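Please open the model in your viewer and keep the selection tool at hand. The stops below follow one another, each with something to select and a note on what is there.

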Amino acid sequence: VLFLQIVHILNMTSAKIVSFLLHPEESLHSLQNRIEFETGISTGNQELLLETGICLDPRKPASQCVIDGVRGWDSYMVYLFDKSKTVYDGPFASRSLSDCVNYIVQDSKIQLPIPQLRKVWAEAVHYVIGLKEDYSRLFQGQRAAMLSLLRYNANLIKMKNNMVSASQQLKAKLEFFHQSIRLDLERYSDQMAYGISSEKMLKAWKEMEEKASQCAQAEDIGYLDEQIMALHTEIVELQKSPYARRQGEVMESLEQRAIDLYKQLKTRPPDHAYSDSTDMVKIIVQTVQSQDRVLKELFGHLSKLLGCKQKIIDLLPEIEVALNNIKEADNSVMQMQGKRQREIWHLLKIACTQSSSRSLVSSSLEGTASTPAATWLPQGSSGNAPPHPLSSLAAPQEGENFADVIQENVNYLELFSSILQEVRQEQNSMMVS
């Protein structure tokens, strides 16, 4: 018997306990099918919570809801909630009276012999204790719901912090992007008159600026932040509520009075004495009334807890969407920034190419101009000495020919033309890209 595993499920929608004998290595899904058969709550709407507020893991066997060891195994509860409901219509009817207790409740002044009265009052005390325990179990279920809500809230806070951090990073990147592209556009406009220009690139940069302005919409998470803050305030108020704390003091006091009354009856001699049950019936009635009151408060508070939890469940997908939008906008901004920087470096490359080609052409022209002068100078004379007056009429030296000089100039002209052609091709490719 000690090796048997029995799980007790407290259905919070009906305040009734259902117990199941677990089969060896039974899966949680199998147990949920049995619960559905007993309670009518579908497996998809079942939420099984431990006392700590942890939801049962569907990947683990059903034995996860049974504590190890002997002590407390027969009183340990798993709390069943219906996820399709956020309002629980408590209070529920109290446990039914036994026939003999119902007999004295119907007529509390009826006289019964002491031995028989002892048996009836013993059952009455058991009934009063049972009412208090019913409330205690339901209160523990409410506490499990509160702990589950706090777990969901902790997850919500974590996601909210990630969302706020991502939004702030996007805002900073957008500010940097706007400032840098404005500066680039100003500098580009200044150099268009004497430098390099590309209408297609200028249009692309302006489109980037407009697209960046559209990306700023992703960083607007104010509406979500307001909902989350309002929800936090509501959860804190629920934690501070007196209904979040145990309200069974009156029932505990009535339980003790019933026990003391029964002890007094046990001390009376059983000799042909009779007595009525007026005092015990008063305790029973007061306990039932007290249970009705505290259960009404309990289920009202529980409905608020479940309502807050549902709000969190509804908010989580919206935060996920906002995070994805922020990440997409962030990637878009970084891609535009990288593209614009590559285009700037491409412009710089073209400018450097043009500068080097001008230097090469100027140096070649200088060399061409100096070559004929050196050719016509007489041998042995320095470059600084004035030429002989008749030297210009002298015939060229042996091996020198005017055709060689002309051919050299033609070669330099062809080289200059090829350089200009390359520069034009690079400009055209940049405009197309």
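Relative accessible area is used here with a 1.4 Å probe on protein chains only, and a residue is called buried under 20%, exposed over 50% and partly exposed in between. Select K311 to begin: at 41% relative accessibility, this residue counts as partly exposed.

Before going further, note that this is a predicted model, in which local features need pLDDT of at least 70 and side-chain atom pairs count only at pLDDT 80 or more, while totals for chains, interfaces and linings use all residues. Residues are numbered from 1 along each chain as its sequence is written, and side-chain values use heavy atoms, with hydrogens and water left out.

K311 and E234 form a salt bridge (a side-chain nitrogen of Lys or Arg within 4 Å of a carboxyl oxygen of Asp or Glu), their closest N and O atoms being 3.1 Å apart. The pair links distant parts of the chain, 77 residues apart, with K311 in helix α7 and E234 in helix α5 (residues 222–240). Helices here are DSSP runs of H or I with at least four residues, strands are runs of E with at least two, and both are numbered from the N terminus.

Stay on α7 and select R293 with E297, a salt bridge whose closest N and O atoms are 3.6 Å apart; these two residues are four apart in the helix, about one turn. Then move to D57 and R59, a salt bridge at 3.0 Å between the closest N and O atoms, in which D57 is buried at 17% relative accessibility, whereas R59 is exposed at 74%.

Next, select F81 and Y88, whose rings form a stacked aromatic pair, 6.4 Å centre to centre with 25 degrees between the planes. (Rings of Phe, Tyr and Trp, the last by its six-membered ring, pair if their centres lie within 6.5 Å; planes under 30 degrees apart count as stacked, over 60 as edge-to-face and the rest as tilted.) F81 is buried at 1% relative accessible area, and Y88 is buried at 4%.
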